[in-house]
Amino acid sequence: QVQLVESGGGSVQAGGSLRLSCAASGYTASRNCRAWFRHAPGEEREGIALIYTGDGGGSNTYYADSMKDRFTVSQDNAKTTLYQQMNNLKPEDSAMYYCAARLNNYCSWNTVDFPVWGQGTQVTVSS
């Protein structure tokens, strides 16, 4: 059973940085897509970035246009932990941040295509 556990959230002032982590366990699929989404109160869940890993082990990263200037996604060499570096944070970045996984399949920006989700980690940015 695949499980995802996020960590690294917290409270920061505007202009600050945070690094989120998403640790995966029970993960055996070679071809997969992992993603970061966020959900602010009163808003729809919003995609941030996708990392697709193919059967050969190579990965490609895709960013939402509004996120790519300040957010950077990476993963460790074992491809079990996903990271998200967030710089120059703004109050509007305050949200619950989730990682999600889609196994043996390609990437999608549609949340319903991801069957596995972490519990989320809260990010609060004050002005």
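## An aromatic cluster

Phe 37, Tyr 98, Phe 114 and Trp 117 are joined into a cluster by ring pairs. Rings of Phe, Tyr and Trp (its six-membered ring) pair if their centres lie within 6.5 Å; planes under 30 degrees apart count as stacked, over 60 as edge-to-face and the rest as tilted. Across the whole structure, a search turns up five aromatic pairs. The centres of the Phe 37 and Phe 114 rings are 5.4 Å apart and their planes stand at 75°, so this pair is edge-to-face. It brings together distant parts of the chain, 77 residues apart: Phe 37 belongs to strand 4 (residues 32–39), while Phe 114 is in the loop between strand 9 (95–103) and strand 10 (116–117). Strands (E, at least two residues) are DSSP runs, numbered from the N terminus.

Phe 37 also pairs with Trp 117, this time in a tilted arrangement with 5.2 Å from centre to centre and 45° between the planes. Here too distant parts of the chain are linked, since Phe 37 in strand 4 and Trp 117 in strand 10 are 80 residues apart.

A word on the model itself: it is predicted, local features need pLDDT of at least 70, side-chain atom pairs count only at pLDDT 80 or more, and totals for chains, interfaces and linings use all residues. Residues are numbered from 1 along each chain as its sequence is written, and side-chain values use heavy atoms, with hydrogens and water left out.

## Buried or partly exposed?

Phe 37 and Phe 114 are both buried (under 20% relative accessible area; exposed is over 50% and partly exposed in between, with a 1.4 Å probe and protein chains only). For Phe 37 the relative accessibility is 0%. Trp 117, with a relative accessible area of 25%, is partly exposed.

## Arginines over rings

A charge sits over a ring if NZ of Lys or CZ of Arg is within 6 Å of the ring centre and within 35 degrees of the ring normal. Likewise, Arg 31 places its charged end over the ring of Tyr 106, at 4.8 Å from the centre.

## A look at Gln 85

Now to strand 8 (residues 81–86), where Gln 85 is found. Gln 85 is partly exposed, at 27% relative accessible area. Its side chain makes a polar contact of 2.9 Å with that of Asn 87 (a pair of N or O atoms within 3.5 Å; within protein, one must be able to donate a hydrogen and the other to accept it, and residues adjacent in sequence count only if both atoms are side-chain atoms).

Beyond four places in sequence, the contacts of Gln 85 (heavy atoms within 4.5 Å) include Ser 17, Leu 18, Arg 70 and Phe 71.

Terms used
Helices (H or I, at least four residues) and strands (E, at least two) are DSSP runs, numbered from the N terminus.
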